[in-house]
Structure formats: C-alpha cells, structure tokens
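The sequence and the structure are shown first.

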Amino acid sequence: MAVCNLAFHLTDRCQLDCKHCLRDPSRAPADLDFEVFTSALDQVARTYKTTHVAMTGGEPTLYPRFVDAVDAIADRGFTWHIVTNGRTFGWLMDQLDDRPPRRASMRHVYLSLDGADEATHDRIRGKGSFREVMTAATLAVAHGIPFVLQMVVNAVNHPQVEAFGLLASQ
C-alpha cells in the first residue's frame, strides 16, 4: 500500500492582510466544503496508508468547521498539523483540551514569522502580529507541542534570513 500525506487548503479567511499573500481581501472568503473534506479523508484512507494531514489557509483555525475537521482526522487515526499566523493559538489550545484525541493526533505546528524583529514582521503582516506569533510559540512550548517558525522571504525581510535562523534556534 502506498503512503499518501494530505494537505488541505481549508479556507481563505484570515484576520491579516500580509503584503505577500495571494488572497484577495475584497472577495468573500471561500471555505472547503466539509463533505468534500471528509470524503477525501475516507477515499485516501481506503486506498493509501495515510498517516498525516496538513491544514492551511488563509488562517485554518477560522474555517467554520475547524474543530470538526480535527475530529474527523483524529477519528480516522491520522495525525495533523496546521500552518498558522498564531493569532488564535490560545483558542486552539482550549479546543484541544476539550477532547484528548484532538491533542494526541496533533504532531506539530508551523508558525508564520516573517521577520527576525517586531518592526520587520509587523511591516509585512500588521501591527502586533509579531507578539502574537511569539505568544503562540510560548504556548506551544508550555503545552509540549513542537513548532516550526517559517518565513516567506521577500524584498522586505531578505536581509534578516541569518538573524531569523538565530532567533528560531533560540
């Protein structure tokens, strides 16, 4: 049986308006139909040895059925991670505590951080967003959740790649 890991773009919803984002904030956000999501999980589970599901967006935690999506993943015995801006990470931790399989099936989180300092990151993602990512990283450590800091390199932050690596290592 072949291995197949899944990645779902759950929603275009996002609280930020990042300089590099391809999402058009003037358009109504699009959400993945939940039945399509669960059908894809079921089809792949029957055909492949699926072990892991990635969820992205916009901001995946803003998907109207995000908690249902996590439950659907956990109920099928898959693991998962999200790529997040960190703004709703405290809420996410509360949701994971409500049902132990949710937390047990989460493997890690990718936190979007686009600068090695607050001024650069906030210039790209909006005022206060650097502190939100740092708070999410602190919560991840406190909850024992491995995390990755990921940076979209662009004209504003490219001089900070080395400093970003040093920050991430700390």
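On a 1 Å grid over the protein atoms alone, a pocket is an open set of points where a 1.4 Å probe fits, with protein on both sides within 12 Å along at least five of seven lines, and lining residues have an atom within 4 Å of a point. The model is predicted: local features need pLDDT of at least 70, side-chain atom pairs count only at pLDDT 80 or more, and totals for chains, interfaces and linings use all residues. Residues are numbered from 1 along each chain as its sequence is written, and side-chain values use heavy atoms, with hydrogens and water left out.

The chain has a mean pLDDT (the predictor's confidence in each residue, from 0 to 100) of 92, and 98% of its residues reach 70 or more. Helices (H or I, at least four residues) and strands (E, at least two) are DSSP runs numbered from the N terminus. Among these elements, the mean pLDDT is lowest for helix α4 (residues 100–105), at 90, and highest for helix α6 (residues 129–142), at 97.

The largest pocket holds about 370 Å³ of space, a volume being the space filled by probe spheres set on the grid points, which are joined across faces, edges and corners. Its lining comprises 20 residues, and His20, Cys21, Gly57, Gly58 and Arg125 lie nearest the centre. Strands β2 (52–57) and β3 (79–84) each supply at least two of the lining residues. The classes of the lining are as follows.

| Class (members) | Lining residues |
|---|---|
| Nonpolar (Ala, Val, Leu, Ile, Met, Phe, Trp, Tyr, Cys, Pro) | 7 residues |
| Polar (the others, Gly among them) | 9 residues |

A nonpolar core is a set of buried Ala, Val, Leu, Ile, Met, Phe, Trp, Tyr and Cys residues joined through side-chain atoms within 4.5 Å; buried means under 20% relative accessible area, exposed over 50%, and partly exposed in between (1.4 Å probe, protein chains only). The largest such core has 36 residues, and those with the most contacts inside it include Phe37, Trp80 and Leu92. Elements that each supply at least two residues of this core include β1 (6–11), α1 (34–47) and α6. Leu92 is in contact (heavy atoms within 4.5 Å) with Phe66, Trp80, Ile82 and Met106, residues up to four places away in sequence not being counted.

Gln95 belongs to helix α3 and counts as buried because its relative accessibility is 17%. In contrast, Ala30, in the loop between β1 and α1, counts as partly exposed because its relative accessibility is 44%.
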